[in-house]
Amino acid sequence: MNLHLIQARANRLANRRLLAAVAQLSDADFHAPRTSFFPSLAQTLNHLLNVDHYYIAALQGDAQMRHIWAAYVPASTARELAERQDRSDEQLIALCAALTPADDERIVAFDRGAGIEAGPREPLARVLAHLFMHQTHHRGQAHAMLAGTAVKPPQLDDFILLGDRVHREADMQALGWAEPV
């Protein structure tokens, strides 16, 4: 069982469901000031996507990861953000699908501004765990912000347990996915 792939797919499904709800908002509501660390849905969700790009670049050994982070242009609409997040999530799923158990200890080097040589180094399994936790954390903030709008926040945690299969069937069918046997 590839736990990283399960988490990447659950991440994709949760992002898809949350962003579909957010896309029901007007652009003004998407950008409206709200209470959170990043004080709008637009800022919170763009931060998530930018961090995803940076971490995926690091996981792939892309020395341009810092440039990718700095060059990020925020999506101006929820629909644009959803399309870009979909592509990022699919890239992460492909990366996780290709992993072997030996990859868990592979060292991922980061550039935090002083170059890869001076940056932190972490085992791949810890990097992925951190990335998935970061996604969950900020999706939770966006979920709470969405609760202050006319759009009902969607259920985001029924994508992993086999017993919750019925709750994700429509999402998986829309993506052309089948449950693993």
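Tyr54 is buried, at 4% relative accessible area. Tyr55 is buried too, at 9%. Buried here means under 20% relative accessible area, with a 1.4 Å probe and protein chains only. The model is predicted: local features need pLDDT of at least 70, side-chain atom pairs count only at pLDDT 80 or more, and totals for chains, interfaces and linings use all residues. Residues are numbered from 1 along each chain as its sequence is written, and side-chain values use heavy atoms, without hydrogens or water.

Another ring faces a charge. Arg9 lies over the face of Trp177, 4.0 Å from the ring centre. The criterion is CZ of Arg within 6 Å of the ring centre and within 35 degrees of the ring normal.

Now the helices, taken as DSSP runs (H or I, at least four residues) numbered from the N terminus. H1 spans residues 3-22 and H6 residues 124-146. Their axes, lines fitted to C-alpha atoms over the stretch in contact, come within 11 Å and cross at roughly 20°. H1 is therefore roughly parallel to H6, a term for angles under 35 degrees. Contact (heavy atoms within 4.5 Å) involves residues including His4, Asn11 and Leu18 of H1 and Leu128, Phe132 and Arg139 of H6.

Conventions: Buried < 20%, exposed > 50% of the residue type's maximum accessible area, 1.4 Å probe, protein only. Axes fitted to C-alpha atoms, helices over the stretch in contact; angles between N-to-C directions. Helix = DSSP H or I, 4+ residues; strand = E, 2+ residues; numbered from the N terminus. Parallel < 35°, antiparallel > 145°, perpendicular 65-115°, else oblique.
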